[in-house]
There are 2 protein chains.
Amino acid sequence: MRIALAQSNSILCDFNRNQENILNFVQRAKEKNAELVVFPEANLFGYHPFDLLEREVLVEQQLKTLKNLVKLLPKDIFVLIGGFDKNPDKKGRPYFNSAFLCQKNKIIKTFNKELLPTGDVFDEARFIDKGSVANNFFKIKNKTFFLTICEDIWAWEDSKKESIYKENPLKRIKGKKTDFVINMSASPFFEGKLKLREYYVKKTAQHFKAPMMYVNMVGAQDELIYDGQSFVVDAKGVTQFRCRSFEEDLNVFDLETLKDWNSDNSAGRESATEQLRKALVLGIKDFMSKSGLGKVHLGLSGGIDSALVACLAVDALGSNNVRLFALPTEFNHPESFELAKRLAKNLKVEMQTISIQESYKQIKSVLDKEFKVEKFQLMHENLQSRLRGLFLMAYSNLNQSMLLTTGNKSEYATGYATLYGDMCGGLAPIGDLTKKQVNDLSRHYNLEYELIPARIIDRPPSAELRPNQKDQDSLPEYDLLDKSVRNIVEDRKKARTPTDKWLLPQLMRTEFKRWQAPPILKISEHSFGRGRRYPLAHRAKEI
Amino acid sequence: MRIALAQSNSILCDFNRNQENILNFVQRAKEKNAELVVFPEANLFGYHPFDLLEREVLVEQQLKTLKNLVKLLPKDIFVLIGGFDKNPDKKGRPYFNSAFLCQKNKIIKTFNKELLPTGDVFDEARFIDKGSVANNFFKIKNKTFFLTICEDIWAWEDSKKESIYKENPLKRIKGKKTDFVINMSASPFFEGKLKLREYYVKKTAQHFKAPMMYVNMVGAQDELIYDGQSFVVDAKGVTQFRCRSFEEDLNVFDLETLKDWNSDNSAGRESATEQLRKALVLGIKDFMSKSGLGKVHLGLSGGIDSALVACLAVDALGSNNVRLFALPTEFNHPESFELAKRLAKNLKVEMQTISIQESYKQIKSVLDKEFKVEKFQLMHENLQSRLRGLFLMAYSNLNQSMLLTTGNKSEYATGYATLYGDMCGGLAPIGDLTKKQVNDLSRHYNLEYELIPARIIDRPPSAELRPNQKDQDSLPEYDLLDKSVRNIVEDRKKARTPTDKWLLPQLMRTEFKRWQAPPILKISEHSFGRGRRYPLAHRAKEI
């Protein structure tokens, strides 16, 4: 039996477009003689819907689309589509996260997800009711399939025998001969996530003593980036092939051999840094196109962070859709400007220079006089940063261009960023990257030739808001700080090192800034953003 | 038997202070011969902890405090304290939301909350595991008590026979004679919430055929305001007495009579508008004190929104801790300034006037030249708003004073607010009030004498960012808009009226602004803020 793995990219609530996309995948699968096509979780609605699910009419629109779509599908092929179904019961939450098995222009069976993730960025229990995997079997041509949806396979104990679920619903299912297990997922990317997925898929395949396919969504949605990288394993859980990362892919294979029919499959061979690049590029691209936006701009300081964001933006949207600004004051070293200019030239992007010096001086003189300020201080530094935000937002107003924010995770963790200044923007593409990751990815952009002037990468980081300022005047060395950010924010461990202990109170004290941060593309297990929900008014002290 | 209802205000993670507070309440209860003292949910830890629970060491500190506290309690009294306990099982989430029954310097029984709220602002399922109410009985002097924690009593069907819970755990408990039911809660305020609580308490009391006490937390935590208003009902669910609203209270009553021993109890007699005032004042006060902040400032425009915020701030913090600014440009009517000055005088608050006209003109000329702008437009309006933000944030930097944001819910719903401009600030006290509520509360402040110059309340609202601007040039009439905000945002209903249909796409399109809004004090069932989780990149259209 021939099966197609349809790794598709959906647009949240663009039902007509998602329908077209499904029909297109099915058509191509049929041309390759597939008898069953499997899509990712919730692919007709798009994922993660968050509170859009409180708008019942959207679920109704989606169900209407499904009804129509089923009639347009070829009759002689089974198709598994993901979406949200209504819960007919007056008790419980209003919807199920469902998979619809379609054949002969009908929905022949509906499956409802049982385990609903509620950690980190996930909020499924808000509007989704718990289904049951108990009867998730179906037959095609005497072959028995068992279907699961995403989290349904994530209750296996980890190496420490721990699990956030008290009970694993798959353990209840025993003794029934299964020929193939399917998992339809929408699993966002972070470094190391693929290994986790392989672990849970292996456990599941071994439990059912059957080969298994893991169909993951691809595409980005706000902060979340779905990497695809769907795969098929044998009954022992050994990976047979894998789909492309960060792009749509269609793979057709025979149940008997588990070999895919794509000849050029180079999936999963990139380095971690290349994966990071692909993730962020997809993150920017999908955020823009799915929001209906086209153009971005940013301030280029001559430092590494804005340089990297400029490269990513050009990578995602093309030089014509990116515009750069140099907004110098007296504190900017002439070299910074020269470096920025060279990078803009390398990227073939127009860079406009507007001195904010006179505006800075004018406001400074008013503030100093009115507030009786005698010496240069933090206020003057923030003033420069906020003036830049103000100029860049004026350009947004004039040109419907979205400002990109250039802060990185190490800065955000310490609050080394000006609220309403350099934190202005509609999206923070590198807000989840430690300084080391910023460096690595910048060097990666220079692999073939010096796209980013090497001096940008090598010189000591500076905000250039006062004479001879260096980041390390205020912050620990970045290699130590990065490790603490990993330890405290990503791994959520205890403070151990002196830098950990320096970071923790900084982190707590500056939470109010991150409360107002723009969406941050998430590439780590725990990023700043909606998945991190810290209160502000408290007295927590770790000692 | 004499029971004390200890309606206390905790500080999140200030364990020493919370311990002192508990000891103080218990001492006072003992003086009134109480044999049992009951505190609100999680009162030793503070509530809502959100992701502070990922810091295990904080739960350990709290458990250590509990161990110490138990030894300090008087021996001859039973005390019910709320907090988080560790889940000893490797499976499931790491903690329970628990109640600890203490007597004779020991914890004699621990109860774990079964129903964990995950809607709107609540995120309990992230770190809390599900307990069971099945064995929540305990005995004191031959009287049988049954204990529940907050949400445990919220699974009764509503008048439409609906419930978000599939199963009501209380229905499993039958036939056991119960003398008294207890509910320890941390239930945040919104208008009409008390009626809901009374409904669920009545259902529970009737189910157990026993009188019942509902002990609610008081105090504010970030966006959430807990109103207290604890109460006791008889076996039929009829309220016998109620504690004060928005302040700590200790009530002692006899199980036999259910009459409280406080003579001056005027609780629950205020108007809805007075409750609103109390809620917002407590919200500001606790946000400041629990964050360790003392002073606030804001821009006073001569309009009603900033006037009301100024009154609330003075109410919460006193005139000495509030500072006002007038930041006029050529577009501000001289009357606005005069009105602002009169209000500041009435409030006995210092108001500083700084013209931003020259700064505005200087930047305008740079922007117009550099961006080749020929006519006055939105950019110039936003520029003024952002310049005000910049001046007010400079004052923050200099004086460790927190800027208050003055936007209301009707504006925020339509996006009629400038990101990084008038949306700047650390807290938005009236961000959940419709324009009507702003008007009502302003008039309420004038009940005894004209605190707010009447003209501020009566004249047509204007942002004064261009000549002769009125809000109604861009927005529907506020009475229609307010109704639509209630319908769409608060009641989450379908769009019905033309204004609803105008609002919905505005709402969706401007979500990016609210993503970056400061914390908004929540006084409605569904406010903007962390309880509303809408995505940005989507194509949802309601037709």
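**Figure 1. The contact between chain A and chain B in the predicted model**. Chain A contributes 75 residues to this contact, and chain B contributes 76 residues. On the side of chain A that touches chain B, the elements giving two or more residues are α2 (56-72), α4 (272-291), α7 (357-370), α8 (378-399) and α15 (511-515) of chain A. Helix α8(A) supplies the largest share of that side, namely 12 residues. By residue class, the side of chain A that touches chain B comprises 36 nonpolar, 15 polar and 24 charged residues.

**Figure 2. An open sheet of 6 strands in chain B**. The strands follow the order β6-β7-β8-β9-β12-β13 (chain B), and their pairing is mixed. At the edges of the sheet lie β6 (137-140) and β13 (239-242) of chain B, each of which pairs on one side only. With direction ignored, neighbouring strands of this sheet are turned by 20° against each other on average.

**Figure 3. The pairing of strands β7 and β8 of chain B**. Strand β7 (residues 143-149) of chain B and strand β8 (residues 180-185) of chain B run parallel and are joined by 5 bridges. F146(B) has V181(B), in β8(B), as its bridge partner.

**Figure 4. Helix α3 of chain B packed on the sheet**. Helix α3 (residues 193-208) of chain B touches β7, β8, β9 (212-216), β12 (231-233) and β13 of chain B. The direction of helix α3 of chain B makes about 145° with that of β9(B).

Key. Residues numbered from 1 in each chain as written. Chains lettered and ligands numbered in written order. Predicted model: local features only at pLDDT ≥ 70, side-chain atom pairs only at ≥ 80, totals over all residues. Pairing = 2+ DSSP bridges. Helix = DSSP H or I, 4+ residues; strand = E, 2+ residues; numbered from the N terminus. Axes fitted to C-alpha atoms, helices over the stretch in contact; angles between N-to-C directions. Contact = placed C-beta atoms within 7 Å. Nonpolar A, V, L, I, M, F, W, Y, C, P; charged D, E, K, R; others polar.
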